[in-house]
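I opened a notebook page for this structure. My entries follow in the order in which I looked things up.

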Amino acid sequence: GGPQEAQLVRNLRAEGAVWQETVMPWGEEAAGYLAISRFVAPDGWLCLAPVAVHPYWQGEGRGQFMVAQAVEEFSKKLKRFMVVVGDGKFYRRCGFLATRAARLTSPYGTENTLLIGPHMSVPTETLIYPKAFAKLT
């Protein structure tokens, strides 16, 4: 990612909103990074952001592998809902569905919002992101 994503990570850490961070190493550098943050509301919901893959490794499935691992652990094993805002084509391959996010209310709209969770419901919820996300606009 770029400076905006790096600042988002610093802000999420400072806010104490990071649930987990994953770094995919590449020698002494990072091939990929993802953060999972806690929503302010609904309680217990998680947000997958940011996700970044070094340009050298893009298109080889490494980002999809990282996201799939996160999805497996948090949405399926821990039975939590996880939201992502981004490229629907990419995130659908990881199990996220836009149709499941159709009744969510989000400050970022729902056009690129996708949801995955422990069952196939289509919940009606208002998403309240950590303050760190508001600093992006």
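How many bridges join strand β3 to strand β4? I noted first that the model is predicted. I then found 2 bridges between β3, residues 46-53, and β4, residues 82-85. These two strands run parallel. For one residue I looked up the partner: Cys47 is bridged to Val83 in β4.

Next I looked at the whole sheet. It is open, has 5 strands in the order β1-β2-β3-β4-β5, and its pairing is mixed. The edges are β1 (18-26) and β5 (113-116). Each of these has a single partner strand, so one side of each is left without a neighbour in the sheet.

Then I checked what lies across the strands. Helix α1, residues 3-15, lies across β1, β2 (29-38) and β3. Its direction is at about 145 degrees to β3.

My last entry is on charged side chains. Side chains of opposite charge can pair when their charged atoms come close. I found 2 salt bridges in the structure.

Another salt bridge is formed by Arg62 and Glu60, whose closest N and O atoms are 3.7 Å apart. Arg62 is partly exposed, because its relative accessible area is 29%.

Notes
Residues are numbered from 1 along each chain as its sequence is written. This is a predicted model: local features need pLDDT of at least 70, side-chain atom pairs count only at pLDDT 80 or more; totals for chains, interfaces and linings use all residues. Side-chain values use heavy atoms; hydrogens and water are left out. Two strands pair if DSSP finds at least two bridges between them. Helices (H or I, at least four residues) and strands (E, at least two) are DSSP runs, numbered from the N terminus. Contact means heavy atoms within 4.5 Å. Axes are lines fitted to C-alpha atoms, for helices over the stretch in contact, and angles run from 0 to 180 degrees between N-to-C directions. A salt bridge is a side-chain nitrogen of Lys or Arg within 4 Å of a carboxyl oxygen of Asp or Glu. Buried means under 20% relative accessible area, exposed over 50%, partly exposed in between (1.4 Å probe, protein chains only).
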